[in-house]
Amino acid sequence: ANAGLPGFVGNPQPTQLPADGRANFAVPPEWAGRIYVGKTLNEDNSKIEGSWKGVGTGFFDVSLVDGYSVPITCSVGGKVILGCNKELFDQPCQGPDHALDDGAVCHNAAQSKDWGPPSAFFAPCAGAAYTFPKDDKATQGWATPETEISCCVGTSCPPSMIQGSFLKRSLGTAKAPSLMPLARRLAERLHSNS
């Protein structure tokens, strides 16, 4: 789906961040892609997804469609607007959902069910993060080319304003977050800050 579209400015490589660490990404016009977030390089990790394909407004979401590794919420201007800060590993990953990478990732069996519903493991984040392919309430179309989007990884991140909109359930524990801001800036601005 993203063949032929530009990638991240500066071609960043996978990296491990310490607790409270930061990573900045700049994406060019016409970008569409995914950022895998987790303790492994598994493609079933939690993801931040975005697209500026041919439109002036971008669309972003947190996706658990393939699987879950860490909780993620994202904000614009200090307002948390998408994602889910719930620690889903507080419950077992079992049955059709199954653990990968020694339990670091829970594979989502609903990835082939367009209209869901989410399994019990993924249900606490439904509507705030994609938990099945057509969980479209989790997409936000608010970003412009100058928008700076900050994403926070961990259960101590603030919840999104849409969290719990699909099912009224609440889980959570307190852990130190890692921060992963996602900034869409022009390449010149990125290099001028180097």
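**Exercise 1. What is the mean pLDDT of the protein chain, and what share of its residues reach 70 or more?**

Begin with the kind of model: this is a predicted one, in which local features need pLDDT of at least 70 and side-chain atom pairs count only at pLDDT 80 or more, while totals for chains, interfaces and linings use all residues. Residues are numbered from 1 along each chain as its sequence is written, and side-chain values use heavy atoms, with hydrogens and water left out.

Next, recall that pLDDT is the predictor's confidence in each residue, from 0 to 100. For the protein chain the mean is 76, and 74% of the residues reach 70 or more.

Confidence is highest in strand β4 (residues 67-68), at a mean of 96, and lowest in strand β11 (residues 178-183), at 29.

**Exercise 2. Find the partner of cysteine 74, and describe the link between the two residues.**

Second, apply the rule: cysteine 74 pairs with cysteine 151, the sulfur atoms being 2.1 Å apart. The link of cysteine 74 and cysteine 151 is right-handed, with 105° about the S-S bond. Because cysteine 74 lies in strand β5 (residues 72-76) and cysteine 151 in strand β10 (residues 148-153), the pair ties together parts that are 77 residues apart in sequence.

Third, check the surroundings, where buried means under 20% relative accessible area (1.4 Å probe, protein chains only). Cysteine 74 is buried at 3%, and cysteine 151 is buried at 2%.

**Exercise 3. Which hand does the disulfide of cysteine 84 and cysteine 125 have, and which hand does that of cysteine 93 and cysteine 106 have?**

Take cysteine 84 and cysteine 125, whose sulfur atoms lie 2.1 Å apart. The torsion about their S-S bond is about -70°, so this disulfide is left-handed. Since cysteine 84 belongs to strand β6 (residues 79-84) and cysteine 125 to the loop between β8 (105-107) and β9 (140-143), the pair ties together parts that are 41 residues apart in sequence. Cysteine 84 counts as buried at 2% relative accessibility, and cysteine 125 is buried with 1%.

Now turn to cysteine 93 and cysteine 106, joined with an S to S distance of 1.9 Å. Here the torsion is about 85°, so the disulfide is right-handed. Cysteine 93 is in the loop between β6 and β7 (98-100) and cysteine 106 is in strand β8, so the pair ties together parts that are 13 residues apart in sequence. Cysteine 93 counts as buried at 18% relative accessibility, and cysteine 106 is buried with 0%.

Finally, number the bonded cysteines of the protein chain in sequence order, which gives the pairing 1-6, 2-5, 3-4, 7-8.

**Exercise 4. Is valine 37 buried or exposed?**

Start with the position of valine 37, which is in strand β1 (residues 32-37). With a relative accessible area of 8%, valine 37 is buried. To complete the solution, compare chain and space: valine 37 and proline 14 are 23 residues apart along the chain, and their C-alpha atoms are separated by 9.5 Å.

Terms used. Helices (H or I, at least four residues) and strands (E, at least two) are DSSP runs, numbered from the N terminus. Buried means under 20% relative accessible area, exposed over 50%, partly exposed in between (1.4 Å probe, protein chains only). A disulfide is a pair of cysteine sulfur atoms within 2.5 Å.
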